[in-house]
Amino acid sequence: MRIGVPKETKTLEGRVALVPAAAGDLVKRGHEVWIEKDAGIKSGFKDAEYGALGVKVAPDAAALYEKGELIVKVKEPIAGDLALLRKDHLLFCYLHLAAEPALTKQLLDIGLTGVAFETVELPNGDLPLLAPMSVIAGKIGVQVGTHLLHQPMGGKGKLLGGLPSTERGNVVVFGAGKAGGASAALAACTTRPVTVNTPGPGETTVQVPVPANPNMLQTDDVRASLDTALGTDAAGIDVKVDGTTVYLTGHVATQALHDQAVSVAQGTPGVSTVVHTGLTVQ
Ligand SMILES: NC(=O)c1ccc[n+]([C@@H]2O[C@H](COP(=O)([O-])OP(=O)(O)OC[C@H]3O[C@@H](n4cnc5c(N)ncnc54)[C@H](O)[C@@H]3O)[C@@H](O)[C@H]2O)c1
């Protein structure tokens, strides 16, 4: 089959439907694969990378649509694409036709066969081509939410990751599906607590805590090391963590306890530096 991958024309769309490795796999399986010139450039793939795997490069959209029998793209076709689509084309991309009655009519008028990515379903009900979009949306949700917390954006001026002098943020995610799960996993890299609101038994909504990223050094980890090693002598010590740096403030009774506290904090897994200028002997 002749497979054509056009350059996306929708505003701000930078993705390409087939990465070089995927296009190369199809070539190995005996297909003739065409890619429009510079179709992969915004995703970081040069035409030469496709060419090295046996993919042919069409100079423009007209040549690409002319060559292709199966057209694989990312987003639904817009005006320029529609003018080049034919009745004998098989179109495979996100279509979202429920929200686009005008586009539905245009495709029906062309008379082609279209298969929407979002309708591809596995026997167990999973939607393998929609799920990655939900994961992207979930992760972008955290990035956008973080940005909107900035004061110039009208937010509360909070840093989710905290500072030595402030606590980390508290993130609540609504829905524990594909998008919500991705949001929670990303938020847990930066902050805690992260809580997911999700439907529980009956119609009630329950809150589920999300474990912190195990790679993230936590204040509680250092606190636990100090409490274990110094017992009640650690009660006057305050601990803050910023990245892999630990800040100790407060007071201890003797210089020996001071030195032991610094050494214990330094020995906590994940700690790179201990700053103890604020820890005094009283
Ligand atoms: N903007 C985008 O590009 C984009 C991409 C993909 C998905 N989405 C949207 O994101 C949303 C989630 O998609 P998904 O793929 O993660 O769906 P999903 O079905 O995997 O997850 C939805 C979750 O929400 C939970 N839920 C339902 N009602 C709830 C309530 N009242 N309170 C708390 N949780 C509730 C469900 O139990 C489920 O776990 C959908 O609305 C979807 O249309 C947007």
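**View 1. Contact between helices H6 and H7.** Ala131, Ser134, Val135, Ala137, Gly138, Lys139, Gly141 and Val142 of H6 are in contact with Lys178, Ala179, Gly180, Gly181, Ala182, Ser183, Leu186 and Ala187 of H7. Sorted by class, the residues of this contact between H6 and H7 comprise eight nonpolar, six polar and two charged. The model shown here and in the other views is predicted.

**View 2. Crossing geometry of H6 and H7.** The two helix axes, those of H6 and H7, approach within 7 Å and cross at roughly 40°. H6 is therefore oblique to H7. The crossing in which H6 passes H7 is right-handed.

**View 3. Packing of helices H8 and H9.** Helix H8 (residues 219-230) packs against helix H9 (residues 255-267) at an angle of about 135°, and their axes lie 9 Å apart. H8 is therefore oblique to H9. The crossing of this pair, H8 and H9, is right-handed.

**View 4. Residues joining H8 and H9.** On the H8 side, the contact is formed by Val222, Ser225, Leu226, Ala229 and Leu230. These residues meet Leu257, Gln260, Ala261, Val264 and Ala265 of H9. The contact of H8 with H9 contains eight nonpolar and two polar residues, and no charged residues.

**View 5. Domains of the chain.** The chain is divided into domain 1 (2-119), domain 2 (131-210) and domain 3 (219-281). A distance of 35 Å separates the C-alpha centres of domain 1 and domain 2.

Conventions. Residues are numbered from 1 along each chain as its sequence is written. This is a predicted model: local features need pLDDT of at least 70, side-chain atom pairs count only at pLDDT 80 or more; totals for chains, interfaces and linings use all residues. Domain bounds come from an automatic or database domain assignment. Axes are lines fitted to C-alpha atoms, for helices over the stretch in contact, and angles run from 0 to 180 degrees between N-to-C directions. Helices (H or I, at least four residues) and strands (E, at least two) are DSSP runs, numbered from the N terminus. Angles under 35 degrees count as roughly parallel, over 145 as roughly antiparallel, 65 to 115 as roughly perpendicular and the rest as oblique. A crossing is left-handed if the near helix is turned anticlockwise from the far one by less than a right angle, and right-handed if clockwise. Two residues are in contact if their C-beta atoms, placed from the backbone, lie within 7 Å. Ala, Val, Leu, Ile, Met, Phe, Trp, Tyr, Cys and Pro count as nonpolar, Asp, Glu, Lys and Arg as charged, and the others, Gly among them, as polar.
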